[in-house]
Amino acid sequence: MASKTRPTGTGAGTGTGAGTGTGTGAETGSGSSWIVVVSAGVAAGLQVWKLPPAIPFLRQDLSLTLVQAGTLLGIIQLAGMLGGLAISLLAELIGERRCLSGGLVLLFLGSAGGGFAWSAGSLLASRAVEGAGFILVVVTGPGLIRRSTPPGRLTTAMGFWGAYQGISTFAGLITGAFVLQVVPWRVWWWAMAVLALAPLPWVLARVPRDDLAYVARDVPGCVPRAMPGRVSRNDLAYVPRDIPGRITHDIPVGDPGDVPAARVPRENAGGGRGAASALARIGRTVRAPAPWAAGLVFACYTLPWMAVVGFLPTIYRDGGMAGSRPGVLSAVVGAANAIGSITTAALMKRGLPARALLVPAFVLMATTSLPAFAVDWHALPAGTTWQFLCVVAFSLTGGAIPATLLRMIGELTPAGGSAPATMGLIQQLFNSGSFVGPALAAWLATRTGGWHSTWWMTCACAVVGIALSLRLRSRVTAPVAAPAPVEDRTTALTADGTTDCGAPQA
């Protein structure tokens, strides 16, 4: 009789580890490699948030207009806006760890080159290179976390990944606020280049190779009989992903759409069959409505958040603040976003349904941004303090949205689809919002003569986000067909979401 075990909800599937006590640190790690991936995400995010505190200096040194500054803030998202799906195909073919490592190198080259920029055009070009590195990191990061994180830590790990933007915002803004008081902006760019490359040695040492996966040993009977090496007695272990003819061990329990992707042996990934199979999985993903809806929901969040927080130092300086205070206050707003994302992950880990969080988050973002910008706080006692608290609440509640959507990636991936393609499509739409937001906010401020009109944008995005969230919830709650079972006592998924060992191949 086939034995069953309930899904753990992680990107790892049920199986056993092979081999004991051998391999590199990346192969036998303790499951903490997700921390390294999050640190790479923070390093990438710093390249976005090194710009806002430098905008006044750039406008003076390179004679930038406000709209050009907004374009600089959003241009790093352009590569993601255009190439998210292409990156997902690259990740399918050469592996996610290689993509992430290459992204860190591109971030280094772009930031180092930007320090030599002599005009707005050359700085835009260097930011475009940074954008290519940024998208390589952020598209492949969630997949690496899902593949290398033990079952009990996945929700926490995804919550921290959802917070990487807020963490990098806080670090970039508060550090830049002080550093740029004593050094030129070019030195700041070169320092950020070094930080972009800093996680690379840890990625190579601690993140499992692209042909390995971290799996749970829940059912001893699910070991493929032909699997080489001695079976580990540990509860968790890294195992090879390239067992020809069988579903590999990184079966994402609870994420049936990922299983067909695991059928392709890594050893064949570089050939024509691998490319054709990867394109087929990406095609199934692109034709599914749920990833599109999730990406648009993400865009409705990031468009206003990026616009508000990206220009917050400028808004405060236009209001009369001087010195490092605008950067410090903006950094606190960014940190609030990280706190919101991590707190949301903790609530979901305690059983709060992910789908119940999106609509309240958008409602609170709208209701806090309205008084923050529609009210003339300068005419009221302690007005700046009250406006600051409204913006903090706007950022804090918004942090629930990335944490929620990232945790739903498995549900959003269609049967026979590709999880990297789902993330790539979502990131493509996410970056579209990040690109449009700052330029739109700058255009509104220029046309209306101030930042008071910003609430038009934030509230409009919240309304659209609520409508899409309701549609998304109805999509993802629909039952997902399970993939065909396989032979040779390899773990398979049944229709009710449990795992079934020893299922015969159809």
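1. Contact of α1 with α6. In this predicted model, helix α1 (residues 33-49) meets α6 through S33, W34, V37, V38, A40, G41, A44, G45, Q47 and V48. The partners in α6 are R127, E130, F134, V137, G141, L144, I145 and S148. Sorted by class, this contact has 10 nonpolar, 6 polar and 2 charged residues.

2. Geometry of α1 and α6. The axes of α1 and α6 lie 9 Å apart, and the packing angle is about 160 degrees. Angles over 145 degrees count as roughly antiparallel, and α1 and α6 are therefore roughly antiparallel to each other. The crossing of α1 past α6 is left-handed.

3. Geometry of α3 and α6. Helix α3 (residues 66-75) crosses α6 (residues 120-148) at roughly 20 degrees, the axes coming within 9 Å. Because angles under 35 degrees count as roughly parallel, α3 is described as roughly parallel to α6. This crossing, too, has a stated hand: α3 and α6 cross left-handed.

4. Contact of α3 with α6. On the α3 side the residues are Q68, T71, L72, L73 and I75, and on the α6 side A120, L123, L124 and R127. The class count here is 6 nonpolar, 2 polar and 1 charged. R127 of α6 is listed in this contact and also in the contact with α1.

5. Geometry of α6 and α7. The axes of α6 and α7 cross at roughly 165 degrees and come within 10 Å. α6 and α7 are therefore roughly antiparallel to each other. The hand of the crossing is right-handed for α6 and α7, whereas α1 passes α6 in a left-handed crossing.

6. Contact of α6 with α7. From α6, the contact uses V137, V138, G141, P142, I145 and R146; from α7, it uses L154, A157, M158 and W161. These residues divide into 8 nonpolar, 1 polar and 1 charged. V137, G141 and I145 of α6 take part here and are also among the α6 residues that meet α1.

7. Cavities. The structure has 2 cavities of 30 Å³ or more. For the second largest cavity, the volume is about 110 Å³. Its lining consists of W161, G162, Y164, Q165, F298, Y301, P402, L406, M423, Q427 and F430.

8. Elements around the second largest cavity. Two or more lining residues come from each of α7 (154-162), α8 (164-179), α13 (289-318), α17 (400-407) and α19 (419-448). The most is given by α19, with 3 residues. By class, the lining has 8 nonpolar and 3 polar residues and no charged ones.

Definitions and conventions: Residues are numbered from 1 along each chain as its sequence is written. This is a predicted model: local features need pLDDT of at least 70, side-chain atom pairs count only at pLDDT 80 or more; totals for chains, interfaces and linings use all residues. Side-chain values use heavy atoms; hydrogens and water are left out. Axes are lines fitted to C-alpha atoms, for helices over the stretch in contact, and angles run from 0 to 180 degrees between N-to-C directions. Helices (H or I, at least four residues) and strands (E, at least two) are DSSP runs, numbered from the N terminus. Angles under 35 degrees count as roughly parallel, over 145 as roughly antiparallel, 65 to 115 as roughly perpendicular and the rest as oblique. A crossing is left-handed if the near helix is turned anticlockwise from the far one by less than a right angle, and right-handed if clockwise. Contact means heavy atoms within 4.5 Å. Ala, Val, Leu, Ile, Met, Phe, Trp, Tyr, Cys and Pro count as nonpolar, Asp, Glu, Lys and Arg as charged, and the others, Gly among them, as polar. On a 1 Å grid over the protein atoms alone, a cavity is a set of points where a 1.4 Å probe fits but cannot get out, and a pocket is an open set with protein on both sides within 12 Å along at least five of seven lines; lining residues have an atom within 4 Å of a point. Grid points are joined across faces, edges and corners, and a volume is the space filled by probe spheres set on the points.
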